[in-house]
Amino acid sequence: MSDLAETEREIEALLFAAAGPLSVEDLARRLPDGADVAGALAALRARYSGRGVELVQVAGRWRFQTAADLAWLMTEERQEPRRLSQAAQETLAIIAYHQPVTRAEIEAVRGVQASRGTLDVLLELGLVRMRGRRRTPGRPVTYGTTDAFLEHYGLANLSDLPGAAEMKAAGLLSLDLPADFAVPDPSALAPDEDPLEAGDAPEFHMDFLGTEQAEP
């Protein structure tokens with residue numbers, strides 16, 4: 001058996017037994033030195049393509065999952081999804097496309113004051129995280145999406161978010177947009193952002209509690 005074939009078997013065993021997705025680095029740490037992890041993953045992905053179980057990359061990590069077109073076979077499983085409110089969906093979209101973004105910036109885009117509960121729900125669900133603090137007066141907390149957000153929406157990375165062309169085709173953007181309009185790059189670095197410090201928490205629990213206003 002070739003070295004690549006043996007590496008495929010080893011990776012297949014690791015991914016099958018893993019409790020969650022594994023990164024290339026996770027796999028490399030468990031395999032013999034010099035193992036061609038990337039080559040073995042590519043070969044495994046091709047071998048499982050079109051089968052009932054497929055090898056997919058989500059949030060930079062690899063896992064086996066049921067083929068999407070066979071989801072109907074799982075209908076006996078009881079699922080009780082927690083639905084996001086309209087306000088939470090809008091807030092999540094703003095964070096995804098504008099991250100890192102502060103609460104004040106979210107409010108500016110939405111045009112309404114954010115309620116304490118909206119961001120709390122997104123934080124609780126693990127779709128959003130506190131990224132750092134803006135280097136501006138008051139040092140407001142900045143927010144960004146998580147790997148759980150990528151996994152939930154089946155995205156390999158943030159660059160896979162729909163762009164302007166896709167949203168126009170879906171009828172989500174007007175065709176008469178200004179010439180300089182561009183969808184923000186969510187993967188861009190933020191030079192005006194500092195890392196969080198121990199004990200940092202969303203400002204809602206401190207300065208916004210008791211002043212909550214209802215959202216439309």
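Visitor: Which residues line the second largest pocket?

Guide: Please bear in mind that this is a predicted model. The lining comprises Leu-15, Phe-16, Ala-18, Ala-19, Gly-20, Pro-21, Leu-22, Tyr-48, Val-53, Trp-62, Arg-63 and Phe-64. Two elements, helix 1 (3–17) and strand 2 (61–66), each give two or more residues to this lining. Strand 2 supplies the largest share, 3 residues. The volume of the second largest pocket is about 220 Å³.

Visitor: Let us turn to charged pairs. How many salt bridges does the structure hold?

Guide: The general idea is that side chains of opposite charge can pair when their charged atoms come close. The structure holds 7 salt bridges. One of them joins Glu-6 to Arg-9, with the closest N and O atoms 3.2 Å apart.

Visitor: Why are Glu-6 and Arg-9 separated by about one helical turn?

Guide: The separation is about one helical turn because the two residues are 3 residues apart in helix 1. Glu-6 is partly exposed, at 28% relative accessibility, and Arg-9 is also classed as partly exposed, at 46%.

Visitor: Which residue forms a salt bridge with Glu-8?

Guide: Arg-47 does, and the closest N and O atoms are 3.2 Å apart. This pair links distant parts of the chain, since Arg-47 belongs to helix 3 (residues 37–48) and Glu-8 to helix 1, 39 residues apart.

Visitor: Is Glu-8 buried or exposed?

Guide: Residues under 20% relative accessible area count as buried. Glu-8 has 12% and is therefore buried, whereas Arg-47, at 43%, is partly exposed.

Visitor: Which side chain meets that of Arg-61 in a salt bridge?

Guide: The partner is Asp-147, at 2.5 Å from N to O. Here too the pair links distant parts of the chain: Arg-61 lies in strand 2 and Asp-147 in helix 7 (residues 147–153), 86 residues apart. Arg-61 is partly exposed, with a relative accessible area of 28%, and Asp-147 is partly exposed at 33%.

Visitor: Finally, which residues form a nonpolar patch on the surface?

Guide: Trp-72, Leu-73 and Met-74 form such a patch, and together they have about 330 Å² of accessible area. Leu-73 is located in the loop between strand 2 and helix 4 (86–98). With 47% relative accessibility, Leu-73 counts as partly exposed.

Definitions and conventions. Residues numbered from 1 in each chain as written. Predicted model: local features only at pLDDT ≥ 70, side-chain atom pairs only at ≥ 80, totals over all residues. Heavy atoms only, no water. 1 Å grid on protein atoms, 1.4 Å probe; cavity = no way out; pocket = protein on both sides within 12 Å on 5 of 7 lines; lining within 4 Å. Points joined across faces, edges and corners; volume = space filled by probe spheres on them. Helix = DSSP H or I, 4+ residues; strand = E, 2+ residues; numbered from the N terminus. Patch = residues over 30% accessible without salt bridge, like charges linked within 9 Å, V, L, I, M, F, W, Y side chains within 5 Å. Areas by Shrake-Rupley, 256 points an atom, 1.4 Å probe, with all protein chains shown as cover. Salt bridge = Lys/Arg side-chain N within 4 Å of Asp/Glu carboxyl O. Buried < 20%, exposed > 50% of the residue type's maximum accessible area, 1.4 Å probe, protein only.
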